[in-house]
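Keep the viewer open as you read.

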Amino acid sequence: MTTVTEADVLRDALGLLKDREQVAERLLASSARHSFDPDRELDWDAPFEDGKWFWPPELVSLYDTPLWKRMGEEQRILLSQHEAASLASLGIWFEIILMQLLVRHIYDKAATSAHVRYALTEIEDECRHSRMFARLITHGGTPWYPVSRVHQSLGRVFKTISTTPGSFTATLLGEEVLDWMQRLTFPDERVQPLIRGVTRIHVVEEARHVRYAREELRRQMLTAPRWSQEFTRITSGEFARVFSVAFVNPEVYTNVGLDKREAVAQVRASGHRREVMQTGAQRLTGFLDDIGVLRGVGRRLWKSSGLLA
């Protein structure tokens, strides 16, 4: 007698789903081999190097705008430092939401399963990442840049009402755009060594998180009720809109001596910035399209966010 497993039955545009427990076991093994303690791995006592960037200049929001062309090199580097702090602040906000969503996901699942054990491992990773980002902000002497009160409230609502597929879609949104940018950052010798070290650790560990979220989202979009799938399409589109607006806190412009309103207007009009954000989201949006998330109202919301061409 041949036993037909769930993975033999469930398939989508990307083919058969992998066995959930086998995926988790592989991710647990990878975590055991490639996990880092930022407090020990990074040299927090080394001073920043003069003339080095805190974020690749091409990824700074004002790059190639008229305002950028009027700025001196020192002010441009200072803006990259504040934008790095803003992104670290956004990362902390997002990872706190993610940790709560993961806890909700495993609440009623067998604690002895590899799937749950990996979720707990990922929560541990995210705790370290949030502490690492907070230490980076403090070390650089820049302000902490929280998201607006409106976005704080929307985040609170989202993590309360989100379905499981909606949670994993939001997880991928928060992880994959920044991951693309960080993969450009950590090998870039123009960038401060500490920033490169932080992004390298984050890229290595987030690769596992992306794999876990992608595999589970594929499963959820096949097995969740139709109303949940449609709810995921709409909420993920709205979360994309929030994410794109909150990506860089406008106060960074004020804090480096620029006119905030002028800077925000030029970023919104920048073809280069639009291309950067869409390129950063391209791998994710292609995946979401393949598994049926980018449809109907949800697709229109993603387009209005500027992350989808």
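In which loop is the place of Asp64? Asp64 sits in the loop between α3 and α4 (66-70), where helices (H or I, at least four residues) and strands (E, at least two) are DSSP runs, numbered from the N terminus. Before going on, a note on ground rules: this is a predicted model, so local features need pLDDT of at least 70 and side-chain atom pairs count only at pLDDT 80 or more, while totals for chains, interfaces and linings use all residues. Residues are numbered from 1 along each chain as its sequence is written, and side-chain values use heavy atoms, with hydrogens and water left out.

Asp64 has a positive phi of about 70° even though it is not a glycine. Most residues other than glycine have a negative phi. Asp64 is also partly exposed, at 45% relative accessible area; on this scale buried means under 20% relative accessible area, exposed over 50%, and partly exposed in between (1.4 Å probe, protein chains only).

Now zoom out. The secondary structure comes to 14 helices and 2 strands. For 309 residues, a compact globule would have a radius of gyration near 19 Å, and the protein has 20 Å, which agrees. That radius is taken over C-alpha atoms, and the globule rule is 2.2 Å times the number of residues to the power 0.38. Along the principal axes, the C-alpha atoms fill a box of roughly 75 × 45 × 30 Å.

Buried residues make up 54% of the 309. The accessible surface comes to about 14500 Å², and 54% of it belongs to carbon and sulfur atoms; accessible areas come from the Shrake-Rupley method with a 1.4 Å probe, and for residues only the protein chains shown count as cover. As for how the chain meets itself, take contacts (heavy atoms within 4.5 Å) between residues at least 6 apart in sequence: 81% of them join residues at least 24 apart.

Leu98 lies in α5 and is buried, with 2% relative accessibility. Not counting residues up to four places away in sequence, Leu98 touches Glu122, Glu126, Thr171 and Glu175. Gln100 and Ser167 are 67 residues apart in sequence, yet their C-alpha atoms are 9.9 Å apart in space.

Over in helix α6 you'll find His129, which is buried at 0% relative accessible area. Leaving aside neighbours within four places in sequence, His129 is in contact with Glu95, His202, Glu205, Glu206 and His209.

That brings us to charges. Side chains of opposite charge can pair when their charged atoms come close. A salt bridge here is a side-chain nitrogen of Lys or Arg within 4 Å of a carboxyl oxygen of Asp or Glu, and by this rule there are 25 salt bridges. One of them joins Arg135 and Asp39, with the closest N and O atoms 2.9 Å apart. Arg135 lies in helix α6 (residues 114-140) and Asp39 in helix α3 (residues 38-41), so the pair ties together parts that are 96 residues apart in sequence. Arg135 is partly exposed at 35%, and Asp39 is partly exposed at 44%.

Other bridges stay within one helix. Glu73 pairs with Arg76, the closest N and O atoms being 3.8 Å apart; being 3 residues apart in helix α5 (residues 73-106), they are separated by about one helical turn. Glu73 is partly exposed at 43%, whereas Arg76 is buried at 18%. In helix α8 (residues 164-185), Arg183 and Asp179 are 4 residues apart, about one turn of the helix, and their salt bridge has its closest N and O atoms 2.7 Å apart. Arg183 is partly exposed at 43%, and Asp179 is buried at 10%. Elsewhere, salt bridges that share partners join Asp12, Lys18, Arg211, Glu215 and Arg218 into one network.
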